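Please look over the sequence and the model shown below before reading on.

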There are 2 protein chains.
Amino acid sequence: MELKEMITKYKDYRDRMKAISYAEYMISWDAETEAPINSVEERSKQIGMLSQMSYEIERSEEYINIVKKLYQELDSLDDLLKIEIKKVHKELMQSLKIPMNELVEYSILLSKAHSTWKDAKLSSNYNIFKDTLKEIIDFNKKMVKYLETEELKGYNVLLDQYEEGMTKDKYDKFFNLLKEEIVPLVKQINSLPNQENKLSNRLFDINKQKVFADYLMKVMCFDKTRGLMKESEHPFTSGFGTSDVRVTNHYYEDLILSSIFSAIHELGHATYEQQCDSKLDETLLTGGTSMAMHESQSRFYENIVGRSYEFWKRHYPVLQNLFTEELKDVTLEDFYKCANYVECSLIRTEADELTYPLHIMVRYEIEKMIIEQDIDVNELPIIWNKLYKEYLGIDVPCDKLGILQDVHWAGGSFGYFPTYALGSAYGAQFLNSMKKDIDFNEALSNDNLQIINDWLKDKVHRFGQTKTPDEILNYATGESFDAKYFVEYLKTKFKNIYNL
Amino acid sequence: MELKEMITKYKDYRDRMKAISYAEYMISWDAETEAPINSVEERSKQIGMLSQMSYEIERSEEYINIVKKLYQELDSLDDLLKIEIKKVHKELMQSLKIPMNELVEYSILLSKAHSTWKDAKLSSNYNIFKDTLKEIIDFNKKMVKYLETEELKGYNVLLDQYEEGMTKDKYDKFFNLLKEEIVPLVKQINSLPNQENKLSNRLFDINKQKVFADYLMKVMCFDKTRGLMKESEHPFTSGFGTSDVRVTNHYYEDLILSSIFSAIHELGHATYEQQCDSKLDETLLTGGTSMAMHESQSRFYENIVGRSYEFWKRHYPVLQNLFTEELKDVTLEDFYKCANYVECSLIRTEADELTYPLHIMVRYEIEKMIIEQDIDVNELPIIWNKLYKEYLGIDVPCDKLGILQDVHWAGGSFGYFPTYALGSAYGAQFLNSMKKDIDFNEALSNDNLQIINDWLKDKVHRFGQTKTPDEILNYATGESFDAKYFVEYLKTKFKNIYNL
């Protein structure tokens, strides 16, 4: 086959798989936001068939051969296709290393694992879940063996899958710095006399919360002609190219901060997606380049922008105007403190900006043991509780509020958690560079987030997946990842809030 | 290939096409109800690829051969598969009769025709559209030639495509009866002194209209675990099997009757879909058996149930309770008259129950001429206007309110319109039989629509597409279609309302 014909063939296969992805995107969006409850069985059947169709293309001899041959001809390809083929080749070669029958068995295991985990969590009974967890762990260890290379061994194989280039050495260095600098700071804040949380035990009308979420879309310059916001049980962002990017939010009458910061967080993800170069839409390179890079953007907007004093100085009057009664005795300073209330709590997803990475550290330590040591699953809750005591100084009263709280391990995700903390740290490193180019605080006080969006578009977003996380960091900040910016940012901010 | 293997192969192909249909169902539901406006281009691209994938299966040599062979072995197939293969074989053989290149050309023509028609309608200028219309007509005449058989010639070919078994002879007999009996009645009512329409020029809060639409879902026993109601520009029903049936509605502040009767109409369609036998879900035989049969159900609920005095005797207090101010001087009798206000108007979709079939008659007469005579497209608006004068006694002031009002011909649909009137007539025939089995009026006054749903489920709905319209009519009413029930129903109802 001529190169030109091979490229055409490749693109045809790719576009077929993309069309099926698009279908899956629509179907799951519908499922998460509005589908009637009893439509689930029909949907599973149809999704099963669509994945099979996509899978058959990806595993067809011709497709595999074309990808291999194009990979040999990388230098003859145009820039975008070159990057795409590299990425596709890497993923395909990895997936071919794992025997088909094992993958099928594993996917059956995972589909059952979800409900087992749910049952275990509901009854706060780790014993229900532990055997399934052991099977999942065993598969992951076996998979690691299949995928190991000269450069990547053990847990590093998994870490690299979620964040290309990140290794145990780098994460260890990062988390050790947090242990040294942030764990003591958290302990210090925790030893202060209890501060009043003025927003607790107040109710906020949900329709007005929605009005404010809509206001936040304007503040963040979200382009509604290319996206929308809806409701779902857990907030999330999904999209297909730059012209269709959707977020969801969730509203609780007694938790106004939840809907506000979920909205800003998801809109942060969405801004990344909407600001990719639209010429990437027809490739496989649109969207965020990695888990941590995506998370860096959502957390940049949620925490660095959204939990700043300057932001609320501008927008708190709008919120107060919506909730005149509810907020009449809550000053801007009170509200700012509530949005940054530090508390050693049990649940990761509800943690504040300062303690959040410590929750991740617990999971990271345990994953290292799980993958690289022969640890007894019976021991895991004990280790979990011990680490929570060590890093956060609290006792875990039950497994529901402990090791059973997250869905990730039940879904077979090991190596994913650390990207959350890494994302926050990337964000602080971007902030440091951004402040050299623009007046960040003025942009916040003047309701001019576009200038921040523009900086991130230029330095991060527009590249989509054409650069690795490390390449983007170097392009945007002039250096590879360095955790010191995050630690400095956290220390300055929270020492200031708590007058330390 | 063994029969068993052939069946397995056939089902695999079918299920692949069904999975793509499911994807298309989800994508178009999204497009009609919430997709961001600038997502249209990406969506078109992906839909294009999905249709191509489905088309490739349907036109693959192996699939065609399997369908042909299974058709030869009909007697060895189980009952459901036998019916399905008959249907699939008929449609496939028909579509194979039309040369591929002509179908492609035609689909390009139709995709352009839609916007040409829209432009023409917007500027009320038939000249913009007439050449395109001529091309569409020419294709349809050519297609008729390809599809003609010993039994079916000319317009009958098209009529049969929308309603199996219906011919020009049968429709002529039906419409002639309407000409004899209904045209004079409409003229008689029209000559009465003008009646006041008490609902005109009043505004009704849209959120309260939505509350009432939700109430109607309960009244009609719509199963929300297997469906939902949303908004769209034009109300419609769509679904996939019995477990996922969705309707939309549209709300105008100044037209409360519009949202009420659109809701009942679409919920009528939905009841048909939800009440099919769920064992048909995995076949191609779920859903309504024909256009007219589907329309018979929506119109049965909208007009025969929803515009009855007994229905409103029960439910008008609920509506009045929602709109205490707006309806305080509107009695039940006033409201009933408004819901059945007869008016010789220009727009089909806004026509009342009595004049509606006359709008269809105009289109039917013109389609007969278009397909079977060599009519000059320049003449069509003149003929249109002449027939409106003849049947409805009104002058058509411009083509926007005349021949350009409907999208159907621009979409290449000839033979579709008559099913609308036929549907209403089927409904009256069902009513006649239903009344022998249940106390219809008592079911309405007692808010017990389930008893009506049950009758229709047993006699019509559960069969899905396993019976032809004629078989269903015979099963449910003991005879083939007879228009006399419709004419009697209309005469009795409207003579009573207008004291004639």
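**Contacts, domains and salt bridges**

Lys337(B) is in contact (heavy atoms within 4.5 Å) with Gln195(B) and Ile497(B), once its neighbours within four places in sequence are left aside. Lys337(B) lies in helix H13 of chain B, residues 332-339. Helices here are DSSP runs of H or I with at least four residues, strands are runs of E with at least two, and both are numbered from the N terminus. With a relative accessibility of 37%, Lys337(B) counts as partly exposed; buried means under 20% relative accessible area, exposed means over 50%, and partly exposed is in between, with a 1.4 Å probe and protein chains only. Lys337(B) is 30 residues from Arg307(B) in sequence, and their C-alpha atoms are 9.2 Å apart in space.

The model is predicted: local features need pLDDT of at least 70, side-chain atom pairs count only at pLDDT 80 or more, and totals for chains, interfaces and linings use all residues. Residues are numbered from 1 along each chain as its sequence is written, chains are lettered from A and ligands numbered from 1 in the order in which they are written, and side-chain values use heavy atoms, with hydrogens and water left out.

Chain A is assigned domain 1 (3-96) and domain 2 (169-497), with bounds that come from an automatic or database domain assignment. Taken over C-alpha atoms, the centres of domain 1 and domain 2 of chain A are 31 Å apart. To the contact between them, domain 1 of chain A gives 16 residues and domain 2 of chain A gives 21 residues. About 1,700 Å² is buried between domain 1 and domain 2 of chain A, and carbon and sulfur atoms give 67% of this area. Buried area is the accessible area (1.4 Å probe) that two parts lose on being put together, summed over both.

What polar and charged pairs cross this interface? The rule finds 9 residue pairs in polar contact between domain 1 and domain 2 of chain A, both residues being at pLDDT 80 or more. A polar contact is a pair of N or O atoms within 3.5 Å; within protein, one must be able to donate a hydrogen and the other to accept it, and residues adjacent in sequence count only if both atoms are side-chain atoms. On the side of domain 1 of chain A that touches domain 2 of chain A, the elements that give two or more residues are helix H1 (3-33) and helix H4 (79-97) of chain A. H1(A) supplies the largest share of that side, 10 residues. The residues of this side of domain 1 of chain A comprise 8 nonpolar, 2 polar and 6 charged. In this count Ala, Val, Leu, Ile, Met, Phe, Trp, Tyr, Cys and Pro are nonpolar, Asp, Glu, Lys and Arg are charged, and the others, Gly among them, are polar.

There is also 1 salt bridge between domain 1 and domain 2 of chain A, a salt bridge being a side-chain nitrogen of Lys or Arg within 4 Å of a carboxyl oxygen of Asp or Glu. Glu34(A) and Lys230(A) form a salt bridge, with their closest N and O atoms 2.9 Å apart. Both residues belong to a network of salt bridges that links Asp30(A), Glu34(A), Lys230(A), Asp244(A) and Arg246(A) with Asp30(B), Glu34(B), Lys230(B), Asp244(B) and Arg246(B).

Over all chains the structure holds 72 salt bridges. One of them joins Glu181(A) to Lys491(A), at 2.7 Å between the closest N and O atoms. This pair links distant parts of the chain, 310 residues apart: Glu181(A) in helix H8 (residues 168-190) and Lys491(A) in helix H20 (residues 484-497) of chain A. Glu181(A) is partly exposed at 28% relative accessible area, whereas Lys491(A) is buried at 17%.

Tyr22(A) is placed in helix H1 of chain A and is buried, with 1% relative accessibility. Not counting residues up to four places away in sequence, Tyr22(A) touches Phe240(A), Ile27(B), Arg43(B) and Gln46(B).

Glu302(A), in helix H11 (residues 291-305) of chain A, is buried at 12% relative accessible area. Its side chain makes a polar contact of 2.7 Å with the side chain of His265(A).
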